[in-house]
Amino acid sequence: MKIHEYQGKELFRGYGIPVPNGIVASTPEEAKAAAQKLGTPIVVVKAQIHAGGRGKGGGIKIAKSPDEAAAKAKELLGKPLVTPQTGPEGKIVNKVLVEQGLDIAKEYYLGIVLDRQASMPVIMASSEGGMDIETLAKEKPEKLLKIHVRGDRLIPFQARAIAYGLGLPAESIKKAVHFVTELFRLFIEKDASLAEINPLLLTKQGDVLALDAKINFDDNALFRHPEILELRDITEEDPLEVEASKYNLNYVKLDGTVGCMVNGAGLAMATMDIIKFVGGKPANFLDVGGGAKKDQIMNAFRILTSDKDVKAVMINIFGGILRCDVLAQGVVETARELNLQLPVVVRMEGTNVDQGKEILRSSGLKLTIAEDMKDAAEKAVAAAK
């Protein structure tokens, strides 16, 4: 789960991590009032969307007066902002963060993420702030400092290694050590999957502040953090993905035309691969899970087919915990309920497979039964074309 920058900075404040003074605004009038309240000669008006690269997309604007802050907010609010991470359709800006201008001495990069290969968190830092971390790692790998942390507590020498490794001035080292230590504590205690600050700011007064705040959380741990779940902004998420989350379905919308319904994440990935292999493009990732019941199958199928980009459906099920006859009955009932006109190709193997195939054959619906995965993919891709 992602949250907005202003929400991330509120979490930072709770851990004593320094951030600039800022006020959220939803209208140009509120932006003007925010600039007046901040009282600094310069304010920065920052679009609040769940995507990076806002500066490149024109989503961060400098204003030298409250009236100018209102004008800059008007340019952003209610309009789509296109960045390298949003896709061509962009994301609608519903809020802006009006933040005090600061005397910048230097910008750095600081981030914490889970290194899945090493099975532990890794802190990444660089003196080259403001750059995309992927670009930095590719073009200037020598500028990227990495420190892996074993366990759930940062050892003081590791925080000092980051501070000194960034080349900060001596009078700012202690502040940076505190900053890194508390950021790691937040990462662990809130079950974050990413905590990134780009840029981390050194002011001319020697202060270290988070000029940005990008935090993602592990969805599987949200039951432990109702206060984090309250920060969810479903207007930033795909409506079909929001709907799928109501039924505990793992659904991600993609840009293809072949809808996929599969049980098991590994099999779902293989299904998307084979669709690409035979010349098609998957329209989604949809894992109904090994223990799905008939109502979940029906909801999954309804969500899948409500995507206007889907021209054909490929169902690929290995019947273990989820029996093939239960799947077949769910597909047939949903197809009748929706008066489905899309071509549907079904490949199933496993428990009660013969009963499942018989349910499909005797349904009177135009359902194609495939022999294997490749056969199913070829038929689905051909139907989609």
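The model is predicted: local features need pLDDT of at least 70, side-chain atom pairs count only at pLDDT 80 or more, and totals for chains, interfaces and linings use all residues. Residues are numbered from 1 along each chain as its sequence is written, and side-chain values use heavy atoms, with hydrogens and water left out.

## The chain

The secondary structure of the chain comes to 13 helices and 18 strands. Here helices (H or I, at least four residues) and strands (E, at least two) are DSSP runs, numbered from the N terminus. Along the principal axes, the C-alpha atoms fill a box of roughly 75 × 50 × 40 Å. Of the 385 residues in the chain, 50% are buried. Buried means under 20% relative accessible area, exposed means over 50%, and partly exposed is in between (1.4 Å probe, protein chains only). Among contacts in the chain with a separation of 6 or more, 69% join residues 24 or more positions apart. Contact means heavy atoms within 4.5 Å.

## Helix pairs

Axes are lines fitted to C-alpha atoms, for helices over the stretch in contact, and angles run from 0 to 180 degrees between N-to-C directions.

| Helix | Partner | Axes come within | Crossing angle |
|---|---|---|---|
| α2 (residues 28-38) | α3 (residues 66-76) | 8 Å | roughly 145 degrees |
| α5 (residues 156-165) | α6 (residues 170-189) | 8 Å | roughly 125 degrees |
| α9 (residues 265-277) | α13 (residues 373-384) | 9 Å | roughly 55 degrees |

Helix α2 passes α3 in a right-handed crossing. A crossing is left-handed if the near helix is turned anticlockwise from the far one by less than a right angle, and right-handed if clockwise. On the α2 side the contact is made by Pro 28, Ala 31, Lys 32, Ala 35 and Gln 36, and on the α3 side by Pro 66, Asp 67, Ala 69, Ala 70, Ala 73 and Lys 74. By class, the residues of this contact are seven nonpolar, one polar and three charged. Ala, Val, Leu, Ile, Met, Phe, Trp, Tyr, Cys and Pro count as nonpolar, Asp, Glu, Lys and Arg as charged, and the others, Gly among them, as polar.

For α5 and α6, the axes cross at roughly 125 degrees. That angle makes α5 oblique to α6. Angles under 35 degrees count as roughly parallel, over 145 as roughly antiparallel, 65 to 115 as roughly perpendicular and the rest as oblique. The crossing of α5 with α6 is right-handed. Ala 159, Arg 160, Ile 162, Ala 163 and Tyr 164 in α5 meet Ile 173, Ala 176, Val 177, Val 180 and Thr 181 in α6. Eight of these contact residues are nonpolar, one is polar and one is charged.

The buried residues of α6 include Ile 173, Ala 176, Val 177 and Val 180, together with Phe 179, Leu 183 and Phe 187. With 20 residues at 1.5 Å a residue, α6 should span 28 Å, and its end C-alpha atoms are 30 Å apart, which agrees. The expected span of a helix is 1.5 Å times one less than its number of residues. Just after α6, Asp 191 takes a positive phi of about 55 degrees.

The axes of α9 and α13 cross at roughly 55 degrees. The two helices are therefore oblique to each other. Their crossing is right-handed. Leu 267, Ala 270, Thr 271, Ile 274 and Ile 275 of α9 make the contact with Met 373, Lys 374, Ala 377 and Val 381 of α13. Seven nonpolar, one polar and one charged residues form the contact of α9 with α13.

## Single residues

Thr 257 is in the loop between β13 (250-253) and β14 (258-262). Its relative accessible area of 31% makes Thr 257 partly exposed. Thr 257 and Asp 233 are 24 residues apart in sequence and 28 Å apart in space, C-alpha to C-alpha.

His 50 lies in the loop between β2 (43-47) and β3 (60-63). At 9% relative accessibility, His 50 counts as buried. Leaving out residues up to four places away in sequence, His 50 touches Lys 2, Ile 3, His 4, Lys 91, Asp 233 and Glu 236.

Met 120 lies in strand β8 (residues 120-126). Met 120 counts as buried at 12% relative accessibility. Apart from neighbours within four places in sequence, Met 120 is in contact with Val 113, Leu 114, Asp 115, His 148, Val 149 and Arg 150. The C-alpha atoms of Met 120 and Val 96, 24 residues apart along the chain, are separated by 35 Å.
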